[in-house]
Amino acid sequence: MQKLTIRRPDDMHLHLRDGPALVRSVADSAHRFPRAIVMPNLVPPVTNTAQALDYRERILAALPAGPDFEPLMTLYLTETLNPDEIAVAQQSGHIHGIKLYPAGATTNAEFGVTRMERVYPVLERMEKLAMPLLVHGEVVDPAVDAFDREAIFIERELAPLMARFPGLRIVFEHITTREAADFVRAGPAHLVATITAHHILLNRNALFAGGIRPHHYCLPLLKREGHRQTLLEAATSGDPKFFLGTDSAPHTRYAKESACGCAGIYTAHAAIELYAEAFAAADALPRLEAFASQYGADFYGLPYNSGSVTLEALPGEVPASLSFGKDELIPFRAGEQLSWRIRP
Ligand code: DOR
Ligand code: ZN
């Protein structure tokens, strides 16, 4: 298949950042996705409805003329979040989930949760109101190997949480392991997962290809080849529990190419093209539309997007760097080729 037309897709996990950076991030995403679930890990984090609505306005103000784009906002779960805020968020009509970061697990996660019991009252309210919990699923225990943090999180945190709140709607974000895919598949219908393009295109060797590769450093870390294959199988299986969420996470070149580089891979400039490449490699292009444009909307109770996008199997070059506010950004595949393009 050299050409594929699908309903316009949704990015159900996206970092846009704030301020001048929005010019780049919003334009790239809006060119491909008319809607995205927007992560709240700004500094300071987006912890209440008023802040989320203000942030939404800043995103819309950065939107270039042309594409329509609906930012689907989220709140950052802190130990001081008032359970009553869940109803306020829901009534706003713009807030679609509450994001759980184990404290210290990733970029700007220091405001997150240190002990799950501290947020039980909030989770109880979310379960009652059917507000989804979006989970960064990694333990932060320094005794746990960095590549095992997701698998151990399932045993220590996620399974007990689900036993306590059996009706809680949960998105296990950016899964990276066979253990996570199996756990989601075996769970109830209201447990789902997002899968990034980079985790189905790369294994952990990409971190060390000829030298240390900071632009392939993300969290959760890339994993072994067997896990990549399992994730690709899950994404292309036609199982509605798995859907598209890029986790595109821009950092400046300076912040990445550093003695202590930031976690995050920027894929927004080529996201749907990259998924098309992965699905084509698995001979599963006919399954891309449901993964990208239906299953996520179904979970979040949103109508499908109108309109379509046509992808063509044609080479395209990724620039070596992109402007990012006053700085520069090194995108995924910088200076290299893509094998799919969006028809203009
Ligand atoms: O690689 C990542 N980058 N993983 C995350 O969980 C956060 C994200 C970011 O915000 O930079
Ligand atoms: Zn993320």
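Visitor: Which strands does helix α2 lie across, and at about what angle does it run to β4?

Guide: The model is predicted. In it, helix α2 spans residues 49-61 and lies across β3 (35-38), β4 (70-76) and β5. Relative to β4, the helix runs at about 150°.

Visitor: Which strands are the edge strands of the open sheet?

Guide: The sheet has eight strands with parallel pairing, in the order β2-β3-β4-β5-β6-β7-β8-β9. An edge strand pairs on one side only, and this holds for β2 (10-14) and β9 (242-244). The edge strands are therefore β2 and β9.

Visitor: In β6, what is the bridge partner of L100?

Guide: β5 and β6 pair in the parallel sense over three bridges. L100 has its bridge partner in β6, and that residue is V135.

Visitor: Why do the buried residues of α4 line one face of the helix?

Guide: Helix α4 covers residues 120-129, and V122, L123 and M126 in it are buried. Viewed down the axis of α4, the buried residues fall within a limited arc, so they line one face; that arc is 95°.

Visitor: What covers the buried residues of α4?

Guide: The cover includes two strands, β5 (95-100) and β6 (133-135). It also includes two helices, α3 (84-92) and α5 (149-164).

Technical notes
Residues are numbered from 1 along each chain as its sequence is written. Chains are lettered from A and ligands numbered from 1 in the order in which they are written. This is a predicted model: local features need pLDDT of at least 70, side-chain atom pairs count only at pLDDT 80 or more; totals for chains, interfaces and linings use all residues. Side-chain values use heavy atoms; hydrogens and water are left out. Buried means under 20% relative accessible area, exposed over 50%, partly exposed in between (1.4 Å probe, protein chains only). Helices (H or I, at least four residues) and strands (E, at least two) are DSSP runs, numbered from the N terminus. The arc is that of the directions from the helix axis to the C-beta atoms. Contact means heavy atoms within 4.5 Å. Two strands pair if DSSP finds at least two bridges between them. Axes are lines fitted to C-alpha atoms, for helices over the stretch in contact, and angles run from 0 to 180 degrees between N-to-C directions.
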